[in-house]
Amino acid sequence: MRQNGAASDCSVEPILRLLKRSTLSTGARGPQQSKSPTQPCYNMALVSRREEPTTGTDRFFLTTPIYYINARPHLGTCYTTVIADIIARYQRMRGRDVLLVTGSDENSQKTVIAAKEAGEEPLPYCDQMVKHYHDAWRELNIGPYEFVRTTEARHARLVQHFFSRLYEQGDIYQGTYSGWYCTPCETFFTERELKPENLCPKCERPAHPVEEEAYFFRLSTYEERLRRFFADHPDFVLPSFRRNEMLSRLNEGLQDICVSRSSLEWGIRLPWDEKHVFYVWVEALLAYLTGSGYRFDEPDSAHYWPPDLHLMAKDIPWFHAIVFPAMLMAYGLPPANQMIVHGYWLIRGGKMSKSKGLVITPHEVVDLMGADGLRYFYAREVPLGLDGTISLEAIVERYNFELGNDLGNLLNRLLPMTERYFDGAVPEQGTPASGDAELAELTEKVTQRTLQLYGDYELSRGIEEVFSLVRAANKYIDERKPWELAQQPQRKDEFSAGFSLLFTAIRNIAVLLAPVIPTSAQRIWEQLGLTGDLQELGFSVLEEPFPAGTHIGHAEPLFPRVEMPERTAEPAKPVGAHAAPDIHTTGELQTKEEPMEASQITFDDFMRVEIIAAKILSAERVEGTDKLIKMNVDDGRGGRVCVAGIGHVYEPEKLVGLTLPMVANLKPAKLRGVLSEGMILAAQDDAGNLSLVVLDKDIAPGSRIT
Ligand code: MSP
């Protein structure tokens, strides 16, 4: 990714004019433009400038991958959607008509397997699972969005029509597929591509051999056209190192790809050969077209195609950058204008993933600090494109220090002073003192740079800019000491002017943060005494001076300090299940986690741990969590409550009646508000499999285990 500091020497100009000249594409594709001398000189690490469209409406259409729903959303899978929502809000606040398409990828083998495990048919299973995605999007304040389920009839009809055209024009032919398949990745591989012991090169789980009748898409015949497309659109794949990866795959030469499966029942049938269903990946890509409102029976009716932006993680650019454009070329529609490939969120040094049992759910974070804390972390922590390490601690830290201490305090200082010195009404701009020009200038510069950086998908750097203004405003208060100026009536004008500048600065801070932390930004807006919905008002409010005489709103703490849940703060964790979801998910990540040394303890040390037999009398899920199970156990001493993070593997009712070892003298800990007074034990392997330790014979509860 290119990085430079060119933003700093730009001159100040009105915000809307700047936005109009900004280069975000809105559906019209054009070759890269060279920078004209009249263009502003902002830094562009992700996006190169394009011409504004000369025709059509001012639209912006972006997509997230559609998610496999054999698992509930976690912080890895939610990332793309939150980032997409931030970009969508930014575009809406610019006044654009925005469409965000997301959805669920339901026609996969994984769905069938997961449904079977849950004892359900695939479709009812999907109906259930898809709710978790809508719930997560609601919790994370994502919207509006268009959600495409690939089991919907509108999608199936489009897929059948799309591929029928390709088949009829000779782009699809029949053959036999012989190779390897990784079900978790739903991807075909050649033997050469596999890792030793036939492991999938992507997820390193076992792939299996497949040989079946199949249809193939003549991807190889699009090699040259794709090469030209990449040459004409040098910013199609961002960051550029991902583009280079795609180019080198293109240069290795393209093979035709399998587009159907004849060994599966679940999926969308090929209209010309009903023994086959479409290979899940090729039809999933068309969910974007379904969501765009494109009507194949009325291709001239209004729709949003092509997308301005596809967002995805680094495991799937091949399908988006090579396979999909070729499919669209064959059909006769343009590919997306651009795609951004972001990195992974890592936990304990590996990709956060359900299969490894290493996940933090959005619910856990939102419960603690609301959606804005997580949205802020996602956007601020790493630039789009790079991997990042995530933990509950890191999220809490950013929330407490940046949102709470820096931003929250600024407001907490300004509002009471306004009440005290100006009867709660924002003063006239007056004549600023000579030193005040700096704050005014910085406010304007930060505003322009941030909007530009957001437009270039540099969210983290944009936020950094905003916080430079937050810090400058705090410093301004520290240095100017308004409480001293208030004692000097002869400096009243200067005093008022300084306040007016501060109000403009904070107002702009709120507006600039609105795409990222929409709820908090609106609350700041209202506490400043301003009215209306910030998302609807958009960035044009930045053009106006802060209206003097505005009566400030009711001040209330914005980012109350968040304490880490007790158990998660512990550095060393047993393998056991006590508090597992919060602990094993949040974790002390790479840096903090020491390699486990087989340090020795004495017999006396061991005897200090009191392990007893405990019989589970009743068990139920802790409300609002997937993993925590609350158990009433007979400990031979009148009973106690034990909470364990095993709900993702065990059903509560299956636990009742088991007698198992329980650590009885561990300090009690509160988990999601429930006091746990004991810890049961479980083994967990690298693949995330969890197995409870259970006593194999009836034994009196309370018996000591040594
Ligand atoms: N169904 C396909 C996408 C089809 S799009 C036409 C798929 N689904 S997925 O549920 O496995 O992943 C969806 C997206 O979430 C992918 O881009 C994936 O890489 C991303 N993430 C899943 N775990 C992630 C992290 N730990 N970190 C960041 N993103 C990750 O692939």
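T111, A114 and A115 of helix α3 touch P122, Y125 and C126 of helix α4, where contact means heavy atoms within 4.5 Å. Of these residues, 5 are nonpolar, 1 is polar and none is charged; Ala, Val, Leu, Ile, Met, Phe, Trp, Tyr, Cys and Pro count as nonpolar, Asp, Glu, Lys and Arg as charged, and the others, Gly among them, as polar.

This is a predicted model, with local features needing pLDDT of at least 70, side-chain atom pairs counting only at pLDDT 80 or more, and totals for chains, interfaces and linings using all residues. Numbering starts from 1 along each chain as its sequence is written, and side-chain values use heavy atoms, leaving out hydrogens and water.

| Pair | Angle | Axis distance |
|---|---|---|
| α3 (residues 109-117) and α4 (residues 122-139) | roughly 90 degrees | within 9 Å |
| α11 (residues 362-369) and α13 (residues 392-422) | about 30 degrees | 11 Å |

So α3 and α4 are roughly perpendicular (65 to 115 degrees), while α11 and α13 are roughly parallel (under 35 degrees). On the α11 side, V365, L368 and M369 make the contact, with L392, I395, V396 and Y399 on α13. That set is 7 nonpolar residues, with no polar and no charged ones.

Now for the ligand: 21 residues surround it, and the closest are I66, D105, A313, D315 and W345 (a heavy atom within 4 Å counts as near). A polar side-chain atom of D315 sits 2.6 Å from a ligand oxygen atom. A backbone N or O atom of W345 is 2.9 Å from a ligand nitrogen atom, and for G76 a backbone N or O atom lies 3.2 Å from a nitrogen atom of the ligand.

How values were computed. Axes are lines fitted to C-alpha atoms, for helices over the stretch in contact, and angles run from 0 to 180 degrees between N-to-C directions. Helices (H or I, at least four residues) and strands (E, at least two) are DSSP runs, numbered from the N terminus. Angles under 35 degrees count as roughly parallel, over 145 as roughly antiparallel, 65 to 115 as roughly perpendicular and the rest as oblique. A polar contact is a pair of N or O atoms within 3.5 Å; within protein, one must be able to donate a hydrogen and the other to accept it, and residues adjacent in sequence count only if both atoms are side-chain atoms.
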